[in-house]
Structures are given as C-alpha cells and as structure tokens.
Amino acid sequence: MSAPVSRRPDPVSRLGAGGLGGVRAGVELWLVLIGTIAGIVRMFRRGAARPKGAIVEQMWVIGNRSLLFVAVTLGFIGMVMIYQACLQFSRAIGDLSQVGTQFIRLIVSDFGPTLTAMMLATRVGAGIAAEIGSMKVTEQVDALRMSGVLPIDYLLVPRFLASVVMTVALAIVGAAIMYAAGGLTAYLSFGVNPRIFYDLQMVEGKHLILGLLKAVSYGAAIPVVSGFCGLRARGSSEGVGWATTAAVVGSSFAVIALDFALSVGALWLLGGDL
Amino acid sequence: MTAAAPAKLELRDVSVRFDGRLVLDHVDLTVAPGARVGVIGPAASGKSVLVKVMAGLVAPSEGRLLIDGHDVTGWSEERMAPVRARIGMLFQNYALYDFLTVGDNVGFPLVRRGEPEGQIARRVGERLRAVGLAGNEAKLPSQLSGGMKKRVGIARATIAAPELVLYDEPTAGLDPVTTSKMYDLLRDDHDRSGATAIAVSSDVTALLTFVETVVFVYQGRAHYQGPAATLADAPDPVVRQFVRGALDGPLVG
Amino acid sequence: MLGERSITSLGARAVAVSRELGGITILFAQVLRALVPPRLDGRELVRNLYKMGNRSVPIVALTAFFAGGLMVVQSAPFVKRLDATSLAGWAAGYAVLREIGPILIALMFSGRVGANNTAELGTMTVTEQLDGLRALAIDPIRYLIVPRVLAMLIMLVCLTVIGDLVALIGAAVVAKAVLGIEWGIMYASFTENLKPHDFLHGVYKSMAFGTAIAVTSCYFGVTVRGGAVGVGRAVNAAVVAAAVSIMLLDFFLTYVNA
C-alpha cells in the first residue's frame, strides 16, 4: 500500500481482516459469474445492448493473437516433458514403448487444456483486465451505466463467450502441437519409433470429456476473474496495473484450482481408474 | 429539442462513507425544475461524489435521493435505467468510449433505445453542429483535443433531450476563450430546452455566468446554498475566504 | 491482397519483437555493468526483498500444494496398474522438482511480482518520476532497477525451494487422501528415488527464470507510453514475455543440465 500507516494492526486482526476481505471478494466474484450468465440469458431473450459483432471481434482478439504464443510455449514444454519422461522411464523401467501412449492420455485429459489455459491466463487475463480496468478508471464504465447499459452485459458477456470457444479451440491446437513436438523429441533424442509413440489406443471417451470439461471451465474462469479485477480498478494508471496483476494471478490460480478439483473429481467418480 | 418536463432533484440528509471515511456529511439539497445550480468548493471537498450521488452512480450510505418526487435511493441498475434515460451526464475526463468513433459515441444513448439508424445519424449531426464540431463523426476520440472531447461529451449527454443534465467540471483544463464558448453553449442549450442543470466547477467566475444558484461544499458539508449574487456576502468564513481566494482563514489546504 | 498484408504484418511483428529483445538485452547489460563494482542502494534492496517475498508466499504455497497433488492424481492410474505405490512419490516428486515446481512457481511469481513491478515502474515513468531522478543526478538503473532485479532473482529461488517442499507435502497429502498411500511410503519413495541433483536442476532453472522475469518486467515498466492504458498494455506484454522466456529457458536448460 502506498500511504504510510501510522499504527499497524496486530497480526491476528490483520489475518481476520484479510480473511473477511477474501470472503467478500469471493462472494463478489461469484456474483460476477452469475451476472455474466444472466447477461447471456438476457442476450438471447432481448438482443440487448452489445457492440455489434463484439463476440466475433473478441474471438479474433483472443484466438488470433494468442495462437503463436500458445503454439511456441506448448511446443517447447512438450519437448521438455517427453525428454524428462524418457529419461525417467529409461532409468526406472528401461522400456520406452509406453511413453507415447501415456503421454497422449495425459495431454488429452490434462496437460493440453491446462497448459494452454495457463498461457491464456497470462495473455488474455492481463488483456481483459487492462482494457476493462482502464475503462473503469477513465469513467467509461460509469458512462455506460448512465446510458442504461449494464457493464457486465456490454463488456463481459462477449469476452466470456469468445473465451470459452477459443480456449477449447486453442487447447486442441496446443495439445496437437505438444503431441507432435513430444514425438519428435522422443525420436531424435531416444530413438523411439514414431509408430510406437503415436499410438492412440489408451485414449478413451472419458479422457476427451474430462479434457473438454476442463477447457470450458478454464475458458469461463479466466474472463470472469479478469473482468472482475478490471471492474474493481481504482485510481489511475496504478489502479490499472494492480488490476492486471490481480487478474493474472487470479486467473492462473483459478486454472490450477479447477484442474485439481476436476481431476480429483474425475478420479473419484471413475473409481481410481482415470 | 425541448425537454418534456424539467426534472426536480432532492437530496435528503445524504451522507456517503468510503472505507469508514466520511466524504459527504448530511447534505440537504433541493434543485427546482429548470433551475441552474452550480456546485463549488476547494479540491477534494466531495463535489464530484455529490454529482455521482445525484446520478445514482454512488449509493448514499445514509439519506435519500429523490428525482421528481420518486425515491430512487439505492435502486438497482435495471430499475434506474428508465430514470437515467432522462438524465444526461458530462464526466470530468469526458469518459468517451475510446473504441468508438465520435459519431458512435454521440449516438450511443439513442442506440440503446432502438431508434432507427437514419434518425440517429441525423440527430448526431444536429448535436455536433450545435457544439461546433460538425463533420467529425468518423474521428476517434484519441484524435481530438481536450476541448473538443469535452464538447463531444456534451453532445452525447444532451442528445436524448434529457430533463436533467449533470456537468462534472465542464471547463477544467480549458483556456479562458474556450471556457467562455463552453458556457455560451450551455446557456443556449438550456435556454432552448429548459432542462435542469447542475454543474460542478473549480472555475467559479466562469461558472457564475451560467448558474443562478450556488452550493458551496467543503469537507463534505454544504456551507452555503443560495443565489449566486449573495455568495460573496455569505456569513460563513470558509465561504468568504474561498470567494476572495485569500490564503489566511479557516480553509485548510 | 491478403497474402501481402499478412506478410507485412508478420514482418512488422518480427521487427517489433526484435526491437524489444534488443532493448531487454541492453537493459540486462546495464544491470550487469552496475553490479561489477557492486554499489547499489542496500535499503532499496531490502525493501524490495521484503515486499516481493512477503506478498508471494501464500499464493506460491497454495499453488505448489495443488501442483504436487495434481502430479499424484495424474500418476495414479499408472501406479495402480503397475501396483507400484512406492513409485508414486518418485513419479510426483521427480516431476515437481525438475519441471512443474520451477515453472509453475515462476509463472505465478511473474504474475504476482513481475506484473506488479512493471505496473509500479510504469506508473513512475508515466508520472515522470524517472526523469525526476535523473534531474537529481541519480542513476535510475543503480537506484531502482538493480535492487529490484536482484530482489526478484533471490526471491524466486527462495520461493522455488519453499514451493518444492510444499508441493511434496501436497503430493503426500493427496496420495493419502485420494489413493490411500501411507505417509511412510511416500516419504521413503521421496528419499530413496529423488537425488540432490534433481533438486538442484530445478534451482538452477529458477535462477534463470528469476533473471528473465526481473529484466523483462523492468524493461516493460520503464518503456511505458500513454497513461493508464499504456501501463495496462505494458503489464500484459511483460507477463507474456516472461512466460515465453520461461518456456524457452526451460527447454535449453533441460538439455544442458540433464
């Protein structure tokens, strides 16, 4: 905090205040999610205020500009993961034939969507928070309210829908690139036959469903968290900076938490056989 | 472009608290229909918050806001929408949508109402001409100067024939000539429409060429409410010091 | 003319990226030069250490816990199939120490501290405070940037170490809660199969990540243009650049230090 505090409250009350603040923020965040979904419903019912073609524009912003970023980062991490995995497999088991099949299973049900979403949380999350944050700080959000427009409907709903669609799309692309890069590494560094590596036999419907569910959840969480942070921006450029920071951290953490929750849930539902 | 019936606004015992800090302190204010009221006072006195309360953008912690006799305190955004349709607001930093052109900005309030495109374009053209910016529909806000952006803001605030217009610092940062032109414009507008006007400004002299009644706000309280003519003779020492621009007196920097 | 336009825009992007890269390298060189006789503001260093470390521990710890747990969940079916519960600790631990720990913690750090740093420096740039420093004959690099870079580097390494530990704990907790594997088995699995080299591998990576995050974060902070919108964009750029650097560095370091 910038202003000096003359008397620092004791740690216990700070913890309590922090906890209360956290709970309040959690409730507000939940309200934003509900508000966004309500906004989507409103959109279908009335054709309410929305910039023309906003959804498509947002899809372009999110998808197009993140494609290269996602491709590069997921490609590299795919190579690294396979390298590490092959190293370990040869140390422990000495047999690399299972690496490919296990890898694709993990990519589909987890790493593809999750790593893509982690990357998107930084790119898209920061972008949304920065845009909405600077609008809030320059009173454009208030101006919208004065024109009878709900900021959530106008600003958040298009980004929400675009993000859900694009996260799924990019997750698929990211997963494909990871898979390809991984196989290449296995072949070049460990001599694994591509035909053995690229074997889809272990992938089942439940993996696809889990992966899709994760991608959709991440795609929903990122704009809600980032939009929430943007709408809370206060002050001027400092406030926008804070909002963007909070959005990146919040979105990334949301992705990890959702990943954990959905993975554990799936494990439990399927009786330990994922 | 005459307003249907100028709006009456009332603040009853309104207090606003931000994080425990008292920003507005038991303010009572009545604005008659068609009146022109100025809100003045030193920096950070709560003037802008007062205007935001009037617009319903900030809900008072205590007290009521009444528009045309209806208590609209703490109304949700949805309920406020028809009320806001009759209010126009000029924001301190213009708050123009930077992703829309000037024309789209000015026409925005009308698009909300579902008016046909051709009619919107015509009225946008009218308003831009009235503020002296004819032909600038295709420009982006980033391409305009401060004074021009303020005028676009006024055009947007008044395009829907509002019955109450709120101006938050209409001439801040403008040179004296542009300031005079701005108040000429406001006077013409309100002479023709008869709408109620409430203007917040730090530039008292220029403001007094437009308003008849003045409210002086200091530390969240209204120290003076009355005709502009008798402002200088106010009994309150804080008001007198401010009016004279003197350095010594009860006003704290 | 779609082809021509996309090639032009691709070229323009490449030029922009190389300009940023050049700027970042130059800043890095300036920081190194300011370190050679290490004269820097000790107070600023301590202040930044406190600010950056203190703020990040909760979020890093929480993230690490979940990450560790996740690794166990992912290895669960494989472990069950081979009925090798003793391997669960090794599988999760290996991934955490060498890859997931350093990368995830670096990403979170980049978001929490890196972005915040860019925002602070950006606001200072926009309000002309950096020029003000220069007018007082104070070198912004020595006074502002070097302490921050050092603080971020030191802090990320510390946080990675702490995070690794928490992640292993998280793995053990989840292993017990979800798979019913006893603490003792996990502990034995860790100590028998994980070597100090695995741990150091992760630490070296975090050093590289920390430097990358620090320099990119400062660079984008001091090159801000255009008020509140500019600051937002700078934070966006900084976080993206940091993420790409982390992935690239991870790639190279994995091969170099296997």
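Mentor: Begin with a definition: two strands pair if DSSP finds at least two bridges between them. In this predicted model, strand 9 and strand 10 of chain B are antiparallel partners joined by six bridges.

Trainee: Which residue of strand 10 of chain B stands opposite B:Phe216?

Mentor: B:Tyr224 does. In the hairpin that these strands of chain B form, two residues lie between the strands, and B:Gln219 has a positive phi near 50°.

Trainee: How do strand 3 and strand 9 of chain B run relative to each other, parallel or antiparallel?

Mentor: The general idea is that strands of a sheet pair through backbone hydrogen bonds, either parallel or antiparallel. Strand 3 (residues 36-40) and strand 9 (residues 213-218) of chain B run parallel, with four bridges between them. B:Val37 has B:Thr213 as its bridge partner, and B:Val39 has B:Val215.

Trainee: In what order do the six strands of the open sheet in chain B lie?

Mentor: The order is 6-7-8-3-9-10, and the pairing is mixed. On average, neighbouring strands of this sheet are turned by 15° against each other, direction ignored.

Trainee: Which strands of chain B stand at the edges?

Mentor: Strand 6 (87-90) and strand 10 (221-227) of chain B do; each has a single partner strand, so one side of each lacks a neighbour in the sheet. Helix 5 (residues 146-158) of chain B packs on the sheet and touches strand 6 and strand 7 (164-168) of that chain. The direction of helix 5 of chain B makes about 170° with that of strand 6 of chain B.

Trainee: Why is strand 9 of chain B described as largely enclosed by the rest of the structure?

Mentor: A residue is called buried if 20 or more other C-beta atoms lie within 10 Å of its own. Five of the six residues of strand 9 of chain B are buried, so this strand is largely enclosed.

Trainee: Now the chains. Which chains share the most contacts?

Mentor: Chains A and C do, of the two pairs of chains in contact. Chain B and chain C do not touch, and their nearest C-alpha atoms are 11 Å apart.

Trainee: How many residues does each chain bring to the contact between chain C and chain A?

Mentor: Chain C brings 45 residues and chain A brings 47 residues. On the side of chain C, helix 2 (42-82), helix 3 (85-126) and helix 8 (227-256) each supply at least two residues. Helix 8 of chain C gives the largest share, 17 residues. By type, the side of chain C that touches chain A has 27 nonpolar, 11 polar and seven charged residues.

Technical notes. Residues are numbered from 1 along each chain as its sequence is written. Chains are lettered from A and ligands numbered from 1 in the order in which they are written. This is a predicted model: local features need pLDDT of at least 70, side-chain atom pairs count only at pLDDT 80 or more; totals for chains, interfaces and linings use all residues. Two residues are in contact if their C-beta atoms, placed from the backbone, lie within 7 Å. Ala, Val, Leu, Ile, Met, Phe, Trp, Tyr, Cys and Pro count as nonpolar, Asp, Glu, Lys and Arg as charged, and the others, Gly among them, as polar. Axes are lines fitted to C-alpha atoms, for helices over the stretch in contact, and angles run from 0 to 180 degrees between N-to-C directions. A residue is buried if 20 or more other C-beta atoms lie within 10 Å of its own, exposed if 12 or fewer, and partly exposed in between; C-beta atoms are placed from the backbone.
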